[in-house]
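Visitor: I would like to go through this model with you. Please show it first, and then I will ask.

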Amino acid sequence: MEVNTVKKLEKAARKSSGIDFMRLGVGILFVIVVMIYTLSTKGGMNNSIFLAVATVFGAYMAMNIGANDVANNVGPAVGSKALTMGGAILIAAIFEVSGALIAGADVTNTIRKGIIDLNTFSNVDIFIWAMMSALLAAALWLNLATYFKAPVSTTHSIVGGVMGAGIAAGGFGIVHWITMGKIVASWIISPILGGLIAAGFLFTIKKTVVFKDDKVAAAKKWVPLFVAIMAWAFTTYITLKGFKHIWTDVTSFLTFLPQTKAPTFEIASIFGIIVAIIIFILVKLNITKKANNLDNSRVAINSLFTIPLIFAAALLSFAHGANDVANAVGPLSAINDAVVNGGISEKSGIPIWVMAIGGVGISVGLALYGPKLIKTVGSEITELDQIRAFAIALAAAITVIFASQLGLPVSSTHIAIGAVFGVGFLREFMKLEVNKEEETKKELEKEEEHLKIMVIELENIQKQSTKTKEDYEKIVSLYEHIESQERIIKRLRKILKKELKTEYVKRDMLKKIIAAWIITVPVAGFFSALIFFVIKGMML
């Protein structure tokens, strides 16, 4: 290796080391600020030290959510080049914080949907230790998953943490196993639904627009409809999932709306239809105006989906901030409630400062370590363009709506990743079908040519009044050659099929992600139980 090359590598290594050190420093600074704030405002209470430590764990957890989970919202947009990495991080950071602070859960089940029985906790200290263990364990697992570039579910991580600490504190009987069964079901339901819906939309867009001879005319007809469907889906999704916690305030201001505690699907869907009609008209006018300047190419059609993708990334981030942030900092809220009130309650309000830690922490983690997972989701599973990314974003919103109405347990992370794989497998299937057809034609041509040769030679032999030993040997040799050629063709077809699969969907990435999903709950649970016993041993 040349000296100059070695020097360049050494310089790059020093630069990378410096950046890593800076990231670590910023992360530690955020944690220190959070701890100082907690001690300065809660320092006079009993167990305030536990609360300060729990707040540090919560901040660490939030940063890991930003580094891992948020990639699902913006990864496809970055992978398709609709957004730059910096633009995606900025949009996600703004809308994650906005979702957490504006539409975040004001009241939530702090131990995540009845995973454990709180009645078994007779001691407040034990409960605090358990929730601290759950927070730290979930954060550690997310950190580890991010290091190995495996997008995993934040919700499942915290579920595993709460379950493990609960078992360590009160035994296996403390766990509500029916709830855990639903969570396991979501491992299967979420990615399959996301994948099927994303593949379905991508296939529809290809058939109605991309594969048409006059792509511009097809785009004028169909693209406004597809974008309108996205507008309906996201308006409905945001209304149901993003504003359910402030719906009472909305209905008190808009008195003509039904006075319900949360928006119904019918109300949310009506809002979605209104927005969809407006968007349809605007997009129709915009494409008609641009039509004369559009090339009749896939690249030109792709460009029509760029702005919808940017809005999709923003809205997905807002919804994530409104829901998953509250779920992630639920244990911290439970600890705060136990410290402030000196008791254990199944439900408690999440203070604004706790939500702020979640929202800001996610933004910090996203900015510092998010690019690694964003690249994984956006480009390392399958190659994405704007049309494919559009299908993924649309599938993410529609799948959540569909599953919610059917009462199916789903994970937003698993839906998004399943949608990415669905798009990749559809590309692979459609390309494989084309290649299979080409290979079959080539094989038929070869077989027909061989058959013609055989027929001619047989006719010549039959015309002969007598047949020699060499004639029979030639016939046998010909048949052997045909059999050998068939084996070669079969082997080459298998090799070609394997190469095409590797090209369109990374099998190693698929295996790694599925393995990470399967072990998320048990590994987070194991970490949590271990941490609980360590804390308990130190305190007793």
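Visitor: What percentage of the 540 residues of the chain count as buried?
Guide: This is a predicted model, where local features need pLDDT of at least 70, side-chain atom pairs count only at pLDDT 80 or more, and totals for chains, interfaces and linings use all residues. Residues are numbered from 1 along each chain as its sequence is written, and side-chain values use heavy atoms, with hydrogens and water left out. Buried means under 20% relative accessible area, exposed over 50%, and partly exposed in between (1.4 Å probe, protein chains only). Of the 540 residues, the buried share is 51%.

Visitor: How many helices and strands are in the chain?
Guide: Both are DSSP runs, numbered from the N terminus: helices are H or I with at least four residues, strands are E with at least two. The chain has 18 helices and 2 strands.

Visitor: What share of the contacts with a separation of 6 or more comes from residues 24 or more positions apart?
Guide: Contact means heavy atoms within 4.5 Å. Among contacts in the chain with a separation of 6 or more, residues 24 or more positions apart account for 85%.

Visitor: Which residues does Leu202 contact, leaving aside its neighbours within four places in sequence?
Guide: Leu202 sits in helix α7 (residues 177-210). Its relative accessible area is 0%, so Leu202 is buried. Ala395 is 193 residues away in sequence, yet the C-alpha to C-alpha distance from Leu202 is 9.8 Å. With those neighbours set aside, the contacts of Leu202 are Ile387, Arg388, Ala391, Val423 and Leu426.

Visitor: Which elements give two or more residues to the lining of the largest cavity?
Guide: A cavity is a set of points on a 1 Å grid over the protein atoms alone where a 1.4 Å probe fits but cannot get out; lining residues have an atom within 4 Å of a point. The structure holds 2 cavities of 30 Å³ or more, and 13 residues line the largest, with Asn72, Asn73, Pro76, Leu316 and Ala393 nearest its centre. The elements giving two or more residues are α3 (71-79), α12 (306-328) and α15 (386-406).

Visitor: What is the volume of space in the largest cavity?
Guide: Grid points are joined across faces, edges and corners, and a volume is the space filled by probe spheres set on the points. For the largest cavity this gives about 60 Å³.

Visitor: Why is α3 largely enclosed by the rest of the structure?
Guide: The list of buried residues in α3 includes Asn72, Asn73 and Pro76. α3 is largely enclosed because its buried residues number 9 of the 9.

Visitor: What type of aromatic pair do Tyr37 and Trp353 form?
Guide: Rings of Phe, Tyr and Trp (its six-membered ring) pair if their centres lie within 6.5 Å; planes under 30 degrees apart count as stacked, over 60 as edge-to-face and the rest as tilted. The structure holds 9 aromatic pairs. Tyr37 and Trp353 are 6.1 Å apart, centre to centre, with 55 degrees between the planes, and the type is tilted.

Visitor: Which helices does that pair of Tyr37 and Trp353 tie together?
Guide: Tyr37 is partly exposed at 39% relative accessibility, whereas Trp353 is buried at 11%. The pair ties together parts 316 residues apart in sequence, because Tyr37 and Trp353 lie in helices α1 (residues 3-42) and α14 (residues 352-380).

Key. 1 Å grid on protein atoms, 1.4 Å probe; cavity = no way out; pocket = protein on both sides within 12 Å on 5 of 7 lines; lining within 4 Å.
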